[in-house]
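Me: I am new to this structure. Please show me how to read its features, step by step.

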Amino acid sequence: MSNQTNGGAYFAGNLRCDTLNGVELYVAKLSQSGTDAPTATVFRNDLDGTVVWARASEGTYTATLTGAFLATTYVSVTPGIESSHTATRTSANVITLTTCDPHGAHALADDLLEGTFVEIRVYN
């Protein structure tokens, strides 16, 4: 095992960037059809548990993980298809994501999550 130097501090063993930076990261690609709950292909999950995705109502979805989403949580959504997406932290347990049809009245609508990327950063 070798020691590594970082700004005058010595480390032995393996280090994770999220641990050093105090950031927990969740990155996933979503898809959703009809009235089904979204399906997540998770690329990274530093959170303490599995994020559970559900469909709350037409065009409204929730990501739930008890106590995971501190007040210092940042959420970013990148739509995979033409539509309007928003995501907000609604509590320490839930992030709410909405999708709107970009045509006509811009009403909440399903079937718009295909290829959508979600990134959740929790700053500790």
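Reply: Start with terms. Strands (E, at least two residues) and helices (H or I, at least four) are DSSP runs, numbered from the N terminus. Two strands pair if DSSP finds at least two bridges between them. Residues are numbered from 1 along each chain as its sequence is written. This is a predicted model: local features need pLDDT of at least 70, side-chain atom pairs count only at pLDDT 80 or more, while totals for chains, interfaces and linings use all residues, and side-chain values use heavy atoms, without hydrogens and water.

Me: Which residue of β6 stands opposite V52?

Reply: Strands of a sheet pair through backbone hydrogen bonds, either parallel or antiparallel. Here V52 faces T64 in β6. Strand β6 covers residues 60–64, runs antiparallel to β5, and is joined to β5 by five bridges.

Me: In what order do the four strands of the open sheet lie?

Reply: The order is β5-β6-β9-β8, and the pairing is antiparallel. β5 (52–57) and β8 (84–89) are at the edges with a single partner strand each, so one side of each has no neighbour in the sheet.

Me: How many aromatic pairs does a search of the whole structure find?

Reply: A pair of aromatic rings is described by the distance of the centres and the angle of the planes. Rings of Phe, Tyr and Trp (its six-membered ring) pair if their centres lie within 6.5 Å; planes under 30 degrees apart are stacked, over 60 edge-to-face, the rest tilted. The search finds one pair. The ring centres of F43 and F117 are 6.0 Å apart and the planes are at 20°, so the pair is stacked. F43 lies in strand β4 (residues 39–45) and F117 in strand β10 (residues 116–123), 74 residues apart.
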